Structures are given as structure tokens and as C-alpha cells.
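Please consider the model displayed below.

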Amino acid sequence: MTDLQIRRIPFSFDESVPFQWNPANPCFGLVANAIGVLAIAFEKYIVAVTRDALPQLRDPEAAAEADAFLRQEAQHARAHRTHLAALVGRYPGLSTTVAAAHSRYDALREKEPLAFHVAYIAALEATFTPLFRMMLENRESLFTPGESRVASLFVWHFVEEIEHRGSALVIYDGIVDNPRYRTRVARRAFSHAVDVYRLILDGFEEHVPLADRLVPTSLVAPRAMWLREMAARLPLLRHRRPAGGYPAAFQAVPTGELLASFVGLLRSQSPRHRPAGERLPALAGSWFAAYDQGVDMTRFEGSPLPAFPVDNGYPATRPGA
Ligand SMILES: [Fe+2]
Ligand SMILES: [Fe+2]
């Protein structure tokens with residue numbers, strides 16, 4: 001039977017939550033906000049696809065895992081919707097951005113068979129342990145300076161993504177009798193997800209003033225983001241980094257850890273990959289222990305609401321503008 005727990009964490013957001021919840025690391029703040037919107041659309045897709053898959057899972061243990069998996073994902077989507085509703089209250093145009101993200105997944109569901117969808121989900125979910133482990137192991141630079149409700153939302157979500165790291169593969173294996181098909185689908189799956197990420201950034205650029213974002217969304221577009229991470233680590237290029245004083249999102253992450261997470265992303269797409277054996281971040285263990293002790297997990301991470309706008313040494317408008 002499954003070990004997954006369904007935790008209903010009572011997150012509550014209102015319009016006092018700043019869009020830029022992480023002014024000490026505004027690029028990461030933007031990346032996380034985009035992940036939050038992507039999660040709402042992707043996890044709705046997961047719930048729908050897993051419901052379609054459930055009647056075809058003949059192994060009762062696989063069916064129990066799938067049921068718990070979809071319920072955890074539904075909780076994540078619900079919490080991110082609550083966060084987003086607070087942001088939409090201040091920036092109503094963001095509702096069209098969420099609708100556009102949903103329609104990308106709706107179109108995909110109409111176009112492709114169930115086998116493709118379970119492969120897509122397994123491909124993306126396999127990347128989350130190496131990616132989110134790197135983030136959780138660098139909580140001091142990524143989460144702790146941020147507003148506590150939002151920081152705690154992301155930490156909870158990423159910890160549970162690591163907890164259910166094997167679930168999507170259990171579902172995939174119950175539907176598709178070919179481990180190589182997932183690897184073949186991966187390129188299309190990532191290209192689709194990156195397109196949705198881009199449209200979300202475009203929505204932030206259009207609907208949220210730069211003064212509230214602190215950084216232009218172009219800094220965290222996929223290609224620009226990795227170029228900036230490389231430039232921040234190469235002494236010859238460091239002084240040519242675009243956009244003045246804004247740090248790259250993962251600038252404080254040791255280069256070896258960033259590379260290890262990149263290698264982990266590649267390895268996660270191998271047909272033989274089994275996420276169950278992955279190394280887990282220490283923060284996952286301390287999060288579960290705190291939850292079991294009844295700690296308020298809506299304030300587990302982060303700092304009290306910072307005064308906004310924050311004087312963090314960065315200009316409030318695009319440098320050079
Ligand atoms: Fe999730
Ligand atoms: Fe997940």
C-alpha cells in the first residue's frame with residue numbers, strides 16, 4: 001500500500017502578499033511564481049489524466065499509489081490557486097495568463113492518447129527530485145529571505161514532490177509496457193512545459209508592473225537564465241553580466257551542486273531510472289518531523305512580511321532604463 005500522506009495545509013493568502021515575495025533574490029521569486037502558475041495547470045492535467053488511468057491499473061497497489069498521488073497534486077493545485085487568487089486581486093490581467101496555461105494542457109489532452117500523457121507526467125515528475133533537492137538544500141539563499149507564507153507554500157510543495165517521486169512512474173508502468181517510450185516522449189514534454197513557462201512569464205511582464213516584480217522577466221527566460229548562471233561563475237564574463245546588480249536566481253548555489261542537479265535532470269530521463277532510490281534533502285526530513293509535531297507549516301519557512309518596496313540595494317526599475 002502507498003506511504004503517501006494527504007496533508008491539508010491551511011494556507012491563506014490575501015492582498016498583503018507581495019507579487020515579489022523574495023526581494024533579496026527577485027529572479028528566484030519570479031521563477032517560483034511562474035512554477036506556481038505552471039503547477040496549477042499541470043496538476044489539473046495530472047488529476048484528469050490519473051483519473052483516466054485509474055480504471056486501467058490492474059495492480060491494487062499501483063491503483064492506491066495513483067489515487068494518493070492525484071490527491072496530493074490536487075492539494076498542491078488548490079493551495080497555488082489560493083495564492084494566485086490573491087495576486088489576481090491586485091493584477092486582474094493574470095487571470096488570462098492562468099486561462100492560457102490551462103488551455104495549453106486542455107489542447108494537449110484532446111490531441112494525444114493516454115500513453116502519451118502518463119509518459120509526459122512521468123518525464124516531468126522524474127526531474128523534480130534533482131531540481132527541488134538542489135533548491136531545498138539552498139534554502140538560505142532561495143527561501144529563507146522570502147515572505148514566509150509564499151516561501152512555506154513552495155517548500156511544502158517541493159518536499160511532497162520529492163515524497164511522491166516514484167508515483168508517476170508506477171502509473172506509467174501500469175499503462176505502458178515500454179520504458180523507452182517515456183524517454184522518447186521527454187523532448188516533446190519538456191518543449192510543451194517550457195512553452196507554458198514562457199507564456200506565464202509573458203503574462204507577468206504584461207500584467208505586473210516592473211516596480212512590483214523588481215526584475216524584468218527576460219532575466220529568467222530559460223536560455224537567458226542559464227547563460228546568466230554561467231556568466232556569474234566565469235570570472236572573465238562576470239563583469240559583463242547583463243542587468244547590473246541583480247543576482248542570477250541560483251547564483252548563491254555552489255557550482256558543483258548546480259551541475260549535479262543538471263546531471264540529475266539528464267539521468268532522470270533514462271529508461272532505467274528509478275526515482276525511489278534517489279538521495280533526499282535533509283530539509284524533507286525536518287519538514288516531515290515538524291509536521292508530525294504539529295508545527296504551523298504555513299509559516300515553516302521564510303521571513304515575516306518585508307516592508308514593500310524593499311530597499312535591497314537594487315534599483316526598483318530596470319537598470320539603464
Ligand atoms: Fe505537485
Ligand atoms: Fe508531483
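This is a predicted model: local features need pLDDT of at least 70, side-chain atom pairs count only at pLDDT 80 or more; totals for chains, interfaces and linings use all residues.

Residues are numbered from 1 along each chain as its sequence is written, while chains are lettered from A and ligands numbered from 1 in the order in which they are written.

The largest nonpolar core comprises 81 residues. Such a core is a set of buried Ala, Val, Leu, Ile, Met, Phe, Trp, Tyr and Cys residues joined through C-beta atoms within 7 Å. Among the elements that give two or more residues to this core are helix 1 (26–53), helix 4 (114–136) and helix 13 (282–292); helices are DSSP runs (H or I, at least four residues), numbered from the N terminus. Helix 1 supplies the largest share, 16 residues. Those with the most contacts inside the core include C27, L38 and A122. Not counting residues up to four places away in sequence, A122 touches A168, L169, Y172 and R182, contact being defined by C-beta atoms, placed from the backbone, within 7 Å.

L214 lies in the loop between helix 9 (210–213) and helix 10 (222–233). Although not a glycine, L214 has a positive phi of about 75°. Most residues other than glycine have a negative phi. L214 is buried because 26 other C-beta atoms lie within 10 Å; the cut-off is 20 or more for buried, 12 or fewer for exposed, and partly exposed in between, with C-beta atoms placed from the backbone.

D296, in the segment after helix 13, is exposed, since 12 other C-beta atoms lie within 10 Å. The C-alpha atoms of D296 and P10 are separated by 9.0 Å, the two residues being 286 residues apart along the chain.

Methods. Two residues are in contact if their C-beta atoms, placed from the backbone, lie within 7 Å.
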